Amino acid sequence: MTVTLADVAARARVSPATVSRVLNGNYPVAASTRERVLRAVDDLDYVLNGPASSLAAATSDLVGILVNDIADPFFGIMAGAAQTQIGGPGDGSGRAGGEKLAVICNTGGSPERELTYLTLLQRQRAAAVVLTGGAIEDPDHQAAMAAKLAKLADAGTRIVFCGRPPLPEGDALVAALAFDNRGGGRRLTEHLISLGHRRIGYVAGPPERTTTRHRLEGHREALRGAGLDTAPEDEERLTVHGPYDRRSGYEATLDILRREPGITAVVAANDTVALGACAAVRDRGLRIPQDISVAGFDDLPFSVDAVPALTTVRLPLFEAGARAGRLAMGKENPPPGGIATIAAELMIRGSTAPPRVG
């Protein structure tokens with residue numbers, strides 16, 4: 001059933017004219033009234049121009065790309081690559097040659113903002129939505145996401161996940177391109193173990209993120225496979241969670257070194273975190289890799305230029321982003337079953353070496 005402006009007005013206990021003023025932003029409205037109207041709009045999933053069924057069923061020339069932080073190269077590379085397929089030369093099938101307008105939506109990692117952007121894109125009848133990066137593992141948020149994406153899909157919006165696993169429930173996706181974070185994490189730690197490292201610190205990302213969990217699970221699978229399984233309290237001493245930024249890597253590594261001065265290697269949740277870890281190691285008067293080996297994840301552009309160059313796991317960020325853009329535009333057929341796992345490649349460089357003996 002189509003939600004009308006009158007329905008929103010009734011829910012917010014205001015006149016339809018007030019709802020129109022709030023949505024159009026062309027007339028001052030009291031803050032409390034505006035908040036009631038916007039809450040009613042969200043609760044009812046009201047789409048602008050909803051009474052016109054022909055409009056509600058149509059899609060616009062807009063494509064939304066959701067990222068956690070556009071300043072983070074991990075997201076910037078994927079978003080830029082997707083945009084080359086969305087905003088570049090089209091196939092001549094529509095206005096301006098079939099191109100779409102790509103809009104980057106920076107969520108800041110906020111689940112509420114993620115849902116808000118999806119609501120805004122629904123109101124604009126977006127042709128497609130590309131969601132990048134790891135998902136938040138909160139059942140309530142996942143249920144809200146599944147419901148929101150289903151409404152978008154019902155209205156004709158293509159939904160593509162890039163670097164993100166599919167939701168536990170919900171079949172609204174065109175495709176999910178998921179990185180093999182678990183396999184990459186396992187191979188990275190297996191490399192360190194093969195060099196002779198036995199006490200390895202781990203600087204993890206935020207605990208509620210799928211990316212964090214999968215990379216940490218791969219790390220611990222490698223430890224168990226080598227017979228280095230540790231007690232839960234030991235794992236806690238060797239693992240510190242934090243944001244995916246340099247400061248977190250620095251502070252967490254100092255913390256691990258204080259707790260466990262006998263470690264010979266540090267694995268970081270990503271390359272940016274690894275830079276902070278390297279700085280912490282040096283500030284403790286230790287050398288990389290002679291005293292402490294350091295490894296990252298993602299193979300961001302600066303990794304090879306670090307001193308020494310950073311051992312890391314390469315994710316094909318540009319290739320994945322471009323593929324997501326093609327899927328969003330309908331230029332490429334979805335993978336079988338709608339899900340594709342993208343391999344991760346171990347890049348061995350100078351920041352890791354056998355531990356010093358004696």
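In which handedness of crossing does H1 pass H3? H1 passes H3 in a right-handed crossing (the near helix is turned clockwise from the far one by less than a right angle). The structure is a predicted model, in which local features need pLDDT of at least 70, side-chain atom pairs count only at pLDDT 80 or more, and totals for chains, interfaces and linings use all residues. Residues are numbered from 1 along each chain as its sequence is written, and side-chain values use heavy atoms, without hydrogens and water.

Helices are DSSP runs (H or I, at least four residues), numbered from the N terminus. The axes of H1 (residues 5-12) and H3 (residues 31-44) come within 8 Å and cross at roughly 125°. Axes are lines fitted to C-alpha atoms over the stretch in contact, and angles run from 0 to 180 degrees between N-to-C directions. H1 is therefore oblique to H3 (angles under 35 degrees count as roughly parallel, over 145 as roughly antiparallel, 65 to 115 as roughly perpendicular and the rest as oblique). Contact means heavy atoms within 4.5 Å. On the H1 side, Asp7, Val8, Arg11 and Ala12 take part. They meet Arg36, Val37, Ala40, Val41, Asp43 and Leu44 in H3.

The axes of H5 and H13 (residues 317-329) come within 7 Å and cross at roughly 40°. H5 is therefore oblique to H13. This crossing is right-handed. Residues of H5 in the contact include Phe74, Ile77 and Met78. Among their counterparts in H13 are Leu317, Phe318 and Gly321.

How values were computed. Helices (H or I, at least four residues) and strands (E, at least two) are DSSP runs, numbered from the N terminus.
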